[in-house]
Amino acid sequence: MSARFAHLHLHSEYSLVDSTIRIPELVAACVARGLPAVAITDQNNLFALVKFHKEAEKAGIKPITGADLMVAEGAAPASRLTLLCRDRAGYLSLSQLLTRAWMEGHRVDGVVARPAWLAENAGLFALAGPQSDPGLLLAAGRQDQADQALADLQARFGERLHLELPRTGRAGEDAWGAFALDAAARRGIPVVASNDVRFLDADGFDAHEARVCIATGRVLDDARRPRDYSAQQYLKSPQEMTALFADAPDALDNALALARRCNLELQLGTYY
């Protein structure tokens, strides 16, 4: 991997609620932008797995398998934890978590995993960002509880826990960034640069917003609809990310180092 960055948080078209990215176009864009590896972390599913691995390996791009797991206890608001497979053990752990969520975690707003289920996390890396449990608590002004939630995640994942650092211009990112950098220094947790990707190119934001409106049953000119995304959430090149994180180069290096540690190999075309 000669480039300095790899995207580790990205939704594809298999995240029906919020992405317009198709697999072949994603792989071609990674080649064109000099990205050596990329992760797909669709919400609560691994539907892209086989198609993604085939396309990426054919193009010489390292595919990284993961998912955004929605986590909640009871009727509480769901938080988001990005999980990446280190190896086959991680793939099996993530498959079990997702299966259990779909079998036992149905709610009106989708499916969730229970926090206690995260104890079964062999072979998984975790990225905690602004929408994680610590991030939601911080946004609610409960910093002490956010720090405790982060300590709980660190107890579960140990050195496999990382803090996601997005800079997409969305509300709350500056506060989370300050909290994450402070926590990284105090707790020894690596921070990882991210762009929380939802569309391929800078001019893809409008089409993405239309996709979100379709998924949520709203119209584009509804002044009251949530604006949860920004026009910056496209597949930025390593050069763009380097400029964006000029003051935090370690976050770029940590993203690439984490990509190197994810080594899931699939044996396709064989019956078992």
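This report walks through the sheet, the nonpolar cores and the aromatic pairs of the structure above. Keep in mind as you read that the model is predicted.

**The sheet**

Let's start with the strands. Six of them form an open sheet, in the order β1-β2-β3-β6-β7-β8, and the pairing is mixed. In general, strands of a sheet pair through backbone hydrogen bonds, in either a parallel or an antiparallel way. Which strands sit at the edges? They are β1 (37-40) and β8 (191-194), each of which pairs on one side only. From one strand to the next, the twist averages 35 degrees.

Strand β7 (residues 161-166) runs parallel to β8, and 4 bridges join the two. Here you can find Leu165 opposite Ala193 in β8. Helix α9 packs on the sheet, where it touches β1, β2 (62-71), β3 (79-85), β6 (124-128), β7 and β8. The direction of α9 makes about 95 degrees with that of β8.

**The nonpolar cores**

In soluble globular proteins, nonpolar side chains tend to be buried together. In this model, the largest nonpolar core has 74 residues. Leu8, Leu26, Leu83, Leu84, Leu163 and Leu235 have the most contacts inside this core. Which helix gives the most to the core? That is helix α9 (residues 249-261), with 6 residues.

Leaving aside residues up to four places away in sequence, Leu83 touches Thr65, Gly66, Ala67, Leu69, Leu94, Leu97, Leu124, Phe125, Ala126 and Phe157.

**The aromatic pairs**

A pair of aromatic rings is described by the distance of the centres and the angle of the planes. The count here comes to 2 aromatic pairs, shown in this table.

| Pair | Centre to centre | Angle between planes | Type |
|---|---|---|---|
| Trp176 and Phe179 | 5.5 Å | 35 degrees | tilted |
| Phe199 and Phe205 | 5.9 Å | 50 degrees | tilted |

Why are Trp176 and Phe179 about one helical turn apart? Because they are 3 residues apart in helix α6 (residues 173-187), about one helical turn separates them. Trp176 and Phe179 are both buried.

What about the other pair, Phe199 and Phe205: buried or exposed? Phe199 has a relative accessible area of 1%, so it is buried. Phe205 has 19% relative accessibility, and because buried means under 20%, Phe205 counts as buried too.

Methods. Residues numbered from 1 in each chain as written. Predicted model: local features only at pLDDT ≥ 70, side-chain atom pairs only at ≥ 80, totals over all residues. Heavy atoms only, no water. Core = buried A, V, L, I, M, F, W, Y, C linked by side-chain atoms within 4.5 Å. Buried < 20%, exposed > 50% of the residue type's maximum accessible area, 1.4 Å probe, protein only. Contact = heavy atoms within 4.5 Å. Phe/Tyr/Trp six-rings, centres within 6.5 Å; stacked < 30°, edge-to-face > 60°. Pairing = 2+ DSSP bridges. Axes fitted to C-alpha atoms, helices over the stretch in contact; angles between N-to-C directions.
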